[in-house]
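Good morning, everyone. Please have a look at the sequence and the model on the screen, and I will then walk through a few places in it.

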Amino acid sequence: MSKKVLVIGESREGSLRNVTFEAIAAANIISDGGEVVGVLCGAGDMEAMGQEMVYHGATRVITLANEELKTYTSDGFSQAIFQVIEDESPEGIVMGHTAIGKDLTPKLASKLESGLISDATEVVAEGDKIVFTRPIYSGKAFEKKEITDGVVFATIRPNNIPALERNEELAGEVSARDVDIQNIRTIIKDIIRKSSEGVDLSEAKVIVAGGRGVKSSEGFEPLEQLADVLGGTVGASRGACDAGYCDYSLQIGQTGKVVTPDLYIACGISGAIQHLAGMSNSKVIVAINKDPEANIFNVADYGIVGDLFDVVPKLVEEIKQMKV
Ligand code: FAD
């Protein structure tokens, strides 16, 4: 049965995050030929971003521009989006399982008195049922879930559900709606970005991660070069962060970011369970470690036993040669 599904888009510095397009693809599965309505909060002109959502499969898009929505606050965004939910009465809602998605969606779900399936890695239509797959026990197992009553509300893990191909021939209305926002209890005074360069870790296709085996912040340089030639970004274990070799914003794992890149290269990382919780669902894992018994080799698709300071520069050179 076809459904109207709302997709809550996310942008950063004037560009849509990739997970927005992945959420549109998931919404298309849930809607089963119904409407996929994009909603975008922000300030200023959001027409171009709305149009991009249409090119990626949204039937139409509602933009909510308001100075109070210039930066994310859960009070502001939840009030604005709830007004659209009341107008549209969607049967499904999808958003990325991002920092904002994790904060906003439980608030909306509780207001709607609906269920919420978080961190879905797969969405499948089985007849009239929509079945979501999501990791449990820190990624050691997966469960299948469905919402049997009320709004089908889910967040999806970035990099798992492929976005639909961009098609400029797709047409759909992008309309601006006024929203009434009151009593924001949080004031954002300043945003200080810790990692200003590179791709967002949770959306990166290639991650070169360093652990305590990298031994110093300078030790990350060869890893940065490898990430550079592969068009990826650098991540880290908590061991490396605790040792002060890099910033905590790079930490991957149970208490860091959860990532699912196409390629994860772990350098000098032992493979503690808390680290695996954040990366074991990566599509291809390469481990470089001088200890052949290191646990990381148990989850790796390819293992290189060796000193990372020998191996990584050689990889950089080889890849550069391949590109010539
Ligand atoms: P180590 O375990 O010290 O491993 C270093 C590895 O480098 C070794 O395997 C060694 O053989 C190898 N090595 C050394 N020199 C070289 C070289 N020259 N070339 C190649 N290999 C070399 N950890 C996380 O990563 N993320 C989390 O989110 C996280 N959350 C946690 C939450 C809790 C509640 C707890 C208790 C712990 C958490 N941890 C987390 C910490 C985790 O248990 C480990 O301590 C940590 O992951 C170890 O980091 P590491 O692999 O870099 O260091």
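Predicted model: local features only at pLDDT ≥ 70, side-chain atom pairs only at ≥ 80, totals over all residues.

I would like to begin with Asn159, which is found in the loop between β11 (152-156) and β12 (174-176), where helices (H or I, at least four residues) and strands (E, at least two) are DSSP runs numbered from the N terminus. Asn159 has a positive phi of about 75° although it is not a glycine, and at 6% relative accessibility Asn159 counts as buried, a word that here means under 20% relative accessible area, with exposed meaning over 50% and partly exposed in between (1.4 Å probe, protein chains only). As background, most residues other than glycine have a negative phi.

Residues are numbered from 1 along each chain as its sequence is written, and side-chain values use heavy atoms, with hydrogens and water left out. The average pLDDT of the protein, that is, the predictor's confidence in each residue from 0 to 100, is 95, and 98% of the residues score at least 70. The model scores are ipTM 0.99 and pTM 0.85.

A positive phi also occurs at Asp32, where the value is near 50° in a residue other than glycine.

How many of the 14 residues of α1 are buried? The count is 11 of the 14, so α1 is largely enclosed by the rest of the structure; among the buried residues are Val19, Phe21, Ile24 and Ile30.

Turning to the ligand, there are 26 residues around it, of which Arg212, Ser237, Thr255, Ser270 and Asn289 come nearest, a residue being near if one of its heavy atoms lies within 4 Å. A polar side-chain atom of Ser237 lies 2.5 Å from an oxygen atom of the ligand, the side chain of Ser270 places an N or O atom 2.7 Å from a ligand oxygen, and for Gln251 the distance from a polar side-chain atom to an oxygen atom of the ligand is 2.8 Å. Taken alone the ligand exposes 990 Å², of which the protein buries 77%, the accessible areas coming from the Shrake-Rupley method with a 1.4 Å probe, and for residues only the protein chains shown count as cover.

Finally, His275 is found in helix α7 (residues 273-279) and is buried, with a relative accessible area of 5%. The C-alpha atoms of His275 and Gly211 are separated by 10.0 Å, although these residues are 64 residues apart along the chain.

Terms used:
Polar contact = N/O pair within 3.5 Å; in protein donor to acceptor, adjacent residues only side chain to side chain.
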